[in-house]
Amino acid sequence: VDVTEGCVRLSCGLVSEILTSGESASASADTVIRVPSAPNPTAWATKTFVYDSTPLGEVLKELSAFFGEKLSTESPGRLLTARFRADESLDDIIGLIETALGVSITRTSGGAR
């Protein structure tokens, strides 16, 4: 669960947690575990990725999950400020990131770039 505004009670069995805006958690087997929020938890609905000084490792993790491709780089700490539409091709997004940050991004399930 990713909370973007307000608050939510997440329950599993007898365990529950109150989450507020910007917080995330998952629940299973009578446990609720708080997890780091994704930079764009509503990208599936807004069709937009917005990054503001976001570490490249986090960006690639999110893009990997959204596009179903494993993306990696040897420069995960580089910071990215950018906006991408989810309907742009992954090749175009990768190319823009590589050019802007001067890095190389590898696609392990779709070949290397």
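I read the elements off from the N terminus and got β-β-β-β-α-β-α-β-β-α-β. That gives the chain three helices and eight strands, where helices (H or I, at least four residues) and strands (E, at least two) are DSSP runs numbered from the N terminus.

Housekeeping before I go on: this is a predicted model, so I keep local features only at pLDDT of at least 70 and side-chain atom pairs only at pLDDT 80 or more, while totals for chains, interfaces and linings use all residues. Residues are numbered from 1 along each chain as its sequence is written, and side-chain values use heavy atoms, with hydrogens and water left out.

Overall numbers next. The C-alpha trace spans about 50 × 25 × 25 Å along its principal axes. I got an accessible surface of about 6,700 Å², 53% of it belonging to carbon and sulfur atoms (Shrake-Rupley method, 1.4 Å probe; for residues, only the protein chains shown count as cover). Of the 113 residues, 33% are buried (under 20% relative accessible area; exposed is over 50%, partly exposed in between, 1.4 Å probe, protein chains only).

Then the helix pair. How do α2 and α3 pack? Helix α2 (residues 56–67) and helix α3 (residues 90–101) sit at an angle of about 175°, with axes 12 Å apart. I took axes as lines fitted to C-alpha atoms, for helices over the stretch in contact, with angles from 0 to 180 degrees between N-to-C directions. So α2 is roughly antiparallel to α3 (over 145 degrees; under 35 is roughly parallel, 65 to 115 roughly perpendicular, the rest oblique). On the α2 side the contact (heavy atoms within 4.5 Å) uses L56, V59, L63 and F67, and on the α3 side L90, I93, I97 and L101. I sorted these contact residues into eight nonpolar, no polar and no charged (nonpolar: Ala, Val, Leu, Ile, Met, Phe, Trp, Tyr, Cys and Pro; charged: Asp, Glu, Lys and Arg; polar: the others, Gly among them).

Cysteines: I found zero disulfides (a pair of cysteine sulfur atoms within 2.5 Å). Why? The sulfur of C7 has its closest cysteine sulfur in C12, 19 Å away, which is too far for a bond. C7 is exposed at 55% relative accessible area, whereas C12 is buried at 16%.

Last, T81 in strand β7 (residues 79–85). T81 is exposed, with 55% relative accessible area. Leaving out residues up to four places away in sequence, T81 touches Y51, D52 and S53.
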